[in-house]
Amino acid sequence: MASFLQYLVYGLQLGSVYALLALGYTMVYGIVGMINTAHGDFLMIGALGTYFIAKLFDSVSIDGTYPMLAVGCIILIAMVMTGGIAVGVEAIAYRPLRNKPRMIALITAVGVSMFLTNFPRALPFIGPNPRPFPTLFTPKTFTVLGASITSTQIIMIILAAVTMLALDRLVAKTKMGAQMRAVSMDKDAASLMGINIDKVISITFFIGGALAAVSGICYASVYPQVEVYMGSWLGNMSFVSAVLGGIGDIRGAMLGGFILGIAQIFATAINSTFGYAVGFIILIVILLVKPAGIMGKVTIEKV
Amino acid sequence: MSMLEVKDLHVSYGAINAVKGISFEVQQGETVALIGSNGAGKSTTLRTISGLEKAKSGSIIFQGQELTKLKPYQIVELGIAHVPEGRRVFSRMSVKENLLMGANIIKDRSKIKRDIERVYEIFPRLHERMNQQAGTLSGGEQQMLSLGRALMTSGSLLMLDEPSMGLAPILVEEIFNIIRRISEDGTSILLIEQNAFLALNTSSRAYVLETGNIIMQGKSSDLLADERIKEAYLGA
Ligand SMILES: Nc1ncnc2c1ncn2[C@@H]1O[C@H](COP(=O)(O)OP(=O)(O)O)[C@@H](O)[C@H]1O
Ligand SMILES: [Mg+2]
């Protein structure tokens, strides 16, 4: 029982990383109608960026830990920077192709992903080597029914759930959300309502990028190593999460993230190879059994 | 003074020249029809006025402003409302939400309330169905919603792209009565139709478009009586 609970904690921890990343993935798909395969690289940029931003705050750190205010600043700067890069990627690489066939945008996204991985790798001050991630949170450990859970894990899980709820409300209840839904259903009609669709899409990418940074910071806080390749696997897993939950659906992204995280941890406990494969097995099964995902509805005009 | 003046407009899709140098105008308060058979370039003309397509050359001047370099949302803000071909309602939004999307650029909440009441008064059927998903409405109801949504933008020029398409005759009549009423309320209208008879009966002036060129123009009543028009478009 204790080890079952312990695995569940690890599953939720990993799931919250996937969920935060999948939220942006699914929003970009839902609103813009493209699979941004470079989304995982935004996570890497956020995590690696945090490493460098934290260096700028070195003078205020005491024994390798930072005061709360500095941690807040570091995270905020990383979010804004990653969100900004996501907006730039959309404006430069994706916007000119918006009215072209889907496949062209998909191929471009693969190219963008390669660029985002390999450009920093080629920069002398970044390079390919893994770096230790700074300690932003000093975890306190609690024991519940024999399983241990840290304050960092609790924060991550709550953060993923709260972010999901906030995004869900944003899209369902605010004027910006209504504009996003209009753009997702019909871009021309949305334009004819006086909606600046470039702006709506930029905001969507900004949110996706900023959340990817948070996801990267969470991931690196529990697996404290960052390098330019870290986005690829996590990006793939968040894609699986989004498809599992029903791509385009915000609640589905979080659900898919947690399910995949938990499944992976339990599968790894059985056999580590199985742990790596389980994500793809889930993807294949969901595509065969319920292609629209758990929360997805099959709609005729689905983008 | 013309409200809308299109001068020597060319539009192409890659190698296909859809609009080949047309000029026309709409005066304040007028209803002008643009008629022509399928593929003549009518929708392309409206889409270019709204900024959804780029003009290759020529100019579009609305109330003294050049539109060809503007984005669609800026053109809506200047006061052009466009009911697109095929209705294009937001299918997974309710009727009411669709109407509120139409009021996207309106800041004054009390105006939005008044306008929505006016739309419900013009289209009682939309009022009955205000919480229904737009995608589940009938074709006629969707056309009403698309029209109501465009009215919510409070434009001074209303452009309609084939409002009769795919509708039963009784509904067509209902929609056209409403269009006449909107015109009487002072809105200028640019009406596109394949149904030339209907369009000429609703408008004061008209232009005939054929494969991207305007081949005839004049008072609608004169065109209705014209032998060539009768033969080509009125099925006489
Ligand atoms: N998106 C498009 N891509 C390529 N050609 C198009 C496109 N839209 C319209 N056309 C072509 O442009 C011409 C004019 O079309 P359109 O303006 O839709 O005519 P109408 O509305 O009068 O029926 C047609 O030959 C049509 O095939
Ligand atoms: Mg047409």
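Begin by selecting Ile270(A), Phe274(A), Ile281(A), Ile284(A), Val285(A), Leu288(A) and Val289(A): together they form a nonpolar surface patch with about 720 Å² of accessible area. A patch here consists of residues with over 30% relative accessible area and no salt bridge, with nonpolar side chains (Val, Leu, Ile, Met, Phe, Trp, Tyr) joined within 5 Å and like charges within 9 Å. Accessible areas follow the Shrake-Rupley method with a 1.4 Å probe, and for residues only the protein chains shown count as cover.

This is a predicted model, in which local features need pLDDT of at least 70 and side-chain atom pairs count only at pLDDT 80 or more, while totals for chains, interfaces and linings use all residues. Residues are numbered from 1 along each chain as its sequence is written, chains are lettered from A and ligands numbered from 1 in the order in which they are written, and side-chain values use heavy atoms, with hydrogens and water left out.

**Helix α11 of chain A**

Select residues 272-289 of chain A, helix α11, which supplies the largest share of the nonpolar patch, six residues. Helices (H or I, at least four residues) and strands (E, at least two) are DSSP runs, numbered from the N terminus. Phe274(A) is in this helix and is partly exposed at 34% relative accessibility; buried means under 20% relative accessible area, exposed over 50%, and partly exposed in between (1.4 Å probe, protein chains only). Gly279(A) also has its place in helix α11, but is buried, with a relative accessible area of 0%.

**Positive charges from two chains**

Next, select Lys175(A), Lys199(A), Lys107(B) and Arg109(B), which gather in a surface patch of positive charge. Lys and Arg count as positive and Asp and Glu as negative, while His and the chain ends are not counted; the place of a charge is taken as NZ of Lys, CZ of Arg, CG of Asp or CD of Glu. Lys199(A) belongs to helix α8 (residues 197-222) of chain A and is partly exposed at 48%.

**Salt bridges**

Which residue of chain B meets Asp198(A) in a salt bridge? The partner is Lys71(B), at 3.3 Å from N to O. This pair crosses between chains, from helix α8 of chain A to the loop between β5 (65-66) and α2 (72-78) of chain B. A salt bridge is a side-chain nitrogen of Lys or Arg within 4 Å of a carboxyl oxygen of Asp or Glu. Asp198(A) is buried at 13%, whereas Lys71(B) is partly exposed at 43%.

Move to Arg129(B) and Glu141(B), whose side chains also meet in a salt bridge (3.3 Å, N to O). Arg129(B) lies in the loop between α5 (124-128) and α6 (139-151) of chain B and Glu141(B) in helix α6, so the pair ties together parts twelve residues apart in sequence.

**The magnesium ion**

Finally, select ligand 2, a magnesium ion coordinated by Ser43(B) (OG) and Glu85(B) (OE) at 2.0 to 2.8 Å. Ser43(B) lies in helix α1 (residues 42-49) of chain B and Glu85(B) in the loop between β6 (80-83) and α3 (95-102), so the pair ties together parts 42 residues apart in sequence. Donors are N, O and S atoms within 2.8 Å of the metal (3.2 Å for Na, K and Ca); water is not among the atoms, so sites may look incomplete. Ser43(B) is buried at 16%, and Glu85(B) is partly exposed at 33%.
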